[in-house]
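Work through these exercises with the sequence and the structure side by side. Try each task before you read its solution.

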Amino acid sequence: MSVIGDILLYFFTGVLYWWWTANLSVFGLAPDLIFTAALAAAIIARPVKALIYCFSFGICLDMLGSNLFGGYALTYTLMAYGIYIMKRHLDLVSPFSQVVAALTLTVVSMLFYQGLSLTLAKINPLQLKAFLVEPFLNALLAPVVFYFFTQLKRRFDLL
Amino acid sequence: MNREKDMANYVAVFFVFISSLLLLFPSTRIAQTVRIFVSYSLYPSLHYGAKYDYFVRNVPGNFLNILKTDQENRVLAGRIKELEISIKAAQAVEEENLRLTSELELSRNLALKGVWARVVNKNPQDWYGAFFINKGARDGIAPNATVVGFESGRAGLAGRVLEVYQDFSKVLLITNSVSSVICSLPGASFEGLAEGRGTWLLKMNYIPEGSEIAEGMELVTSPGGLLFPQGLPVGRVRKVHPKESFMNFITADVAPIITVNALKEVYIVNRDLPSDLAGLSEILKK
């Protein structure tokens with residue numbers, strides 16, 4: 001039951017991300033729901049499940065975009081592992097720490113993905129306005145997604 | 001705990017390895033086609049320019065042709081919408097052109113000489129009362145100048161200029177409840193007073209009992225009225241009311257010759273009015 005719930009949550013997040021970016025973008029900008037979902041999953045879930053979630057969310061982004069295939073999968077896998085290490089030393093449960101984590105990790109993951117794209121495909125995928133605004137949008141959304149995922153874990157034993 | 005820790009390390013290495021494989025090894029023809037198909041279905045846009053070749057590598061040409069056709073179709077659908085809007089705009093311009101040509105032709109044949117003005121502002125709360133025109137004192141417009149409208153190839157009295165400013169003027173329509181015009185039937189010996197009622201109909205009062213007035217007859221401005229030039233069509237009788245027992249005259253409903261609240265351009269006729277009428281507008285405004 002939990003596995004089916006996890007799969008449903010994965011697809012629901014993917015569809016919501018697609019719908020949001022397709023319909024609610026303002027000046028081409030929208031918070032990266034997949035990123036915040038991956039972040040929340042990495043904080044809440046057990047390490048192995050968190051890695052599976054983040055890798056899967058990365059694959060989802062790779063499928064939706066037409067850029068470097070596997071780039072997001074690698075980025076989010078490394079991010080999940082990084083959070084797994086960080087969790088031992090830092091409190092990531094409070095909203096403030098989630099905001100800070102989302103802010104910094106968005107920038108780091110964007111730069112990492114940029115580096116991958118430039119190295120492997122000689123493509124510059126990073127837009128300046130996204131780079132400047134998206135970290136803040138993600139930071140605002142992260143506590144909300146975290147709360148939602150926490151409720152799912154409590155009530156349905158997902159994640 | 002240690003087992004979970006080890007497991008997490010193994011899984012992390014495994015996923016990094018898989019991701020690296022996906023990154024480093026070029027996708028097969030089928031995988032790349034499926035990927036382009038999925039991403040195009042969700043975001044129907046093709047990347048052009050320098051990046052284009054990279055995105056569509058290994059994708060069969062016939063599949064790309066379908067995507068390009070779809071893109072072309074979207075562009076053409078947008079173009080059709082733009083053209084439909086342009087056609088609507090062109091139709092409106094053509095209609096305006098025909099109307100202006102007709103009005104200009106009519107004004108040339110009119111014995112009265114004046115200037116054209118465009119109706120620039122109407123007050124919804126005073127729809128049958130007044131409107132503003134884009135000509136004022138700079139254009140030689142004077143208070144009480146006659147305002148003529150044109151409709152269906154005919155000229156008709158629309159009202160008179162009530163207030164004059166530098167670049168615009170206010171026109172008092174004949175349908176305004178404070179407006180009245182002395183009218184007569186061409187060839188008839190009687191006169192009556194067509195008064196506005198704030199609606200689209202005028203009411204003609206003081207028609208002597210026994211006058212030969214009937215529905216459909218056309219009323220024109222009377223020589224007895226100083227404000228308006230004589231012989232200008234005002235309206236057509238719609239209904240003649242029977243005489244009331246306490247009155248010694250009859251009344252009639254009159255429909256204006258022109259739809260005064262649908263006018264877009266008007267012709268302003270300046271006349272040399274007696275100086276006594278100069279203060280009339282001020283009195284009306286009070």
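**Exercise 1: A helix pair in chain A**

The axes of α5(A) and helix α6 (residues 128–156) of chain A come within 8 Å and cross at roughly 140 degrees. Task: which word describes how α5(A) and α6(A) lie to each other, and which residues meet?

Solution. 

Before starting, note that this is a predicted model: local features need pLDDT of at least 70, side-chain atom pairs count only at pLDDT 80 or more, and totals for chains, interfaces and linings use all residues. Residues are numbered from 1 along each chain as its sequence is written, chains are lettered from A and ligands numbered from 1 in the order in which they are written.

Step 1. Know the terms. Helices (H or I, at least four residues) and strands (E, at least two) are DSSP runs, numbered from the N terminus. Axes are lines fitted to C-alpha atoms, for helices over the stretch in contact, and angles run from 0 to 180 degrees between N-to-C directions.

Step 2. Class the angle. Under 35 degrees counts as roughly parallel, over 145 as roughly antiparallel, 65 to 115 as roughly perpendicular and the rest as oblique. α5(A) and α6(A) are therefore oblique to each other.

Step 3. A crossing is left-handed if the near helix is turned anticlockwise from the far one by less than a right angle, and right-handed if clockwise. The crossing of α5(A) and α6(A) is right-handed.

Step 4. List the residues. Contact means that two C-beta atoms, placed from the backbone, lie within 7 Å. From α5(A) come A:P95, A:Q98, A:V99, A:A102, A:L103, A:T106, A:V107 and A:M110. They meet A:F131, A:E134, A:P135, A:N138, A:A139, A:A142, A:P143 and A:F146 in α6(A).

Step 5. Sort them. Ala, Val, Leu, Ile, Met, Phe, Trp, Tyr, Cys and Pro count as nonpolar, Asp, Glu, Lys and Arg as charged, and the others, Gly among them, as polar. The contact of α5(A) with α6(A) has twelve nonpolar, three polar and one charged residues.

**Exercise 2: A second pair in chain A**

Task: at what angle do α2(A) and α3(A) pack?

Solution. 

Step 1. Helix α2 (residues 33–44) of chain A packs against α3(A) at about 170 degrees, with axes 8 Å apart. That makes α2(A) roughly antiparallel to α3(A).

Step 2. α2(A) brings A:I34, A:A37, A:A38, A:A41 and A:A42. α3(A) brings A:A50, A:Y53, A:C54, A:F57, A:C60 and A:L61.

Step 3. The classes in the contact of α2(A) with α3(A) are eleven nonpolar, no polar and no charged.

**Exercise 3: Where the chains meet**

Task: which element of chain A gives the most to the side that touches chain B?

Solution. 

Step 1. The contact takes 24 residues from chain A and 21 residues from chain B. On the chain A side, α3 (47–64), α4 and α5 (95–120) give two or more residues.

Step 2. α4(A) gives the most, with seven residues. By class, this side of chain A has 18 nonpolar, five polar and one charged residues.

Step 3. Helix α4 (residues 71–89) of chain A and helix α1 (residues 2–24) of chain B pack at about 160 degrees, with axes 8 Å apart. That makes α4(A) roughly antiparallel to α1(B). Their crossing is left-handed.

Step 4. Residues of this helix contact include A:L74, A:L78 and A:Y81 of α4(A) and B:A12, B:F15 and B:V16 of α1(B). The residues of the contact divide into eleven nonpolar, four polar and no charged.

**Exercise 4: The barrel of chain B**

Task: in what order do the six strands of the closed barrel run?

Solution. 

Step 1. The order is β6-β7-β8-β11-β10-β9 (chain B), with antiparallel pairing. Two strands pair if DSSP finds at least two bridges between them. The twist averages 40 degrees from one strand to the next.

Step 2. Follow β6(B). Five bridges join strand β6 (residues 180–184) to strand β7 (residues 191–196) of chain B. Two bridges join β6(B) to strand β9 (residues 218–221) of chain B.

Step 3. Find B:S184. It stands opposite B:E191 in β7(B) and opposite B:V220 in β9(B).

Step 4. Look at the turn. β6(B) and β7(B) form a hairpin with six residues between them. There, B:G187 has a positive phi of about 90 degrees.
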